[in-house]
Amino acid sequence: MKNNANPLLIILSVLVPIVGYILFFIKKDDEPTAAGSYLWSAIGGSVIGVLLVL
C-alpha cells in the first residue's frame, strides 16, 4: 500500500497539530494510510508542544 501523504501537510501537522487531526478525519475513509500519517504527525506535534511547555 502506497502512502500518498503530502510531505508539506505532514510538516504542517507537526507544527500545528489541529491541522493534522482535521486532515485525519477528512481523509480517513478515502486514504487511510495518508490519514494515519497525518494523525501520527499531529500526535507527535502535540507531544512536542507539551514537552516544550513543561
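A crossing is left-handed if the near helix is turned anticlockwise from the far one by less than a right angle, and right-handed if clockwise. I took helices as DSSP runs (H or I, at least four residues), numbered from the N terminus.

**Basis of the entries**

I worked from a predicted model, in which local features need pLDDT of at least 70 and side-chain atom pairs count only at pLDDT 80 or more, while totals for chains, interfaces and linings use all residues. Residues are numbered from 1 along each chain as its sequence is written, and side-chain values use heavy atoms, with hydrogens and water left out.

**Entry 1: α1 against α3**

I looked up the crossing of α1 and α3 and found it right-handed. The two axes come within 7 Å and cross at roughly 30 degrees. For this I used axes as lines fitted to C-alpha atoms, for helices over the stretch in contact, with angles from 0 to 180 degrees between N-to-C directions. Helices α1 and α3 are therefore roughly parallel to each other, since angles under 35 degrees count as roughly parallel, over 145 as roughly antiparallel, 65 to 115 as roughly perpendicular and the rest as oblique.

I then listed the contact, meaning heavy atoms within 4.5 Å. From α1, Leu9, Ile10, Ser13 and Val14 meet Ser37, Tyr38, Ser41, Ala42 and Gly45 of α3. Sorted by class, this contact holds five nonpolar, four polar and no charged residues. The classes are nonpolar for Ala, Val, Leu, Ile, Met, Phe, Trp, Tyr, Cys and Pro, charged for Asp, Glu, Lys and Arg, and polar for the others, Gly among them.

I checked Ser13, which has its place in helix α1 (residues 7-15). Ser13 is buried, with a relative accessible area of 0%; buried means under 20%, exposed over 50% and partly exposed in between (1.4 Å probe, protein chains only). Not counting residues up to four places away in sequence, Ser13 touches Val19, Gly20, Leu23, Tyr38, Ser41 and Ala42.

Val14, also placed in α1, is partly exposed at a relative accessible area of 32%. With neighbours within four places in sequence left aside, I found Val14 in contact with Ser41 and Gly45. I also noted that Val14 and Val53 lie 39 residues apart in sequence and 16 Å apart in space, C-alpha to C-alpha.

On the α3 side I examined Ser37. Ser37 is buried, with a relative accessible area of 18%. Apart from neighbours within four places in sequence, Ser37 is in contact with Asn3, Ala5 and Ile10.

**Entry 2: α2 against α3**

Helix α2 (residues 17-27) packs on helix α3 (residues 32-53) at an angle of about 160 degrees, and I recorded their axes as 8 Å apart. That makes α2 roughly antiparallel to α3. The crossing of α2 past α3 is left-handed. Pro17, Gly20, Tyr21, Leu23, Phe24 and Lys27 of α2 make the contact with a set in α3 that includes Pro32, Ala35, Tyr38, Leu39 and Ile43.

**Entry 3: salt bridge**

Side chains of opposite charge can pair when their charged atoms come close. I searched for salt bridges, defined by a side-chain nitrogen of Lys or Arg within 4 Å of a carboxyl oxygen of Asp or Glu, and the count came to one. Glu31 pairs with Lys27, the closest N and O atoms being 3.8 Å apart. Glu31 is partly exposed, with a relative accessible area of 27%, and Lys27 is partly exposed, with 24%.

Note on methods:
Helices (H or I, at least four residues) and strands (E, at least two) are DSSP runs, numbered from the N terminus.
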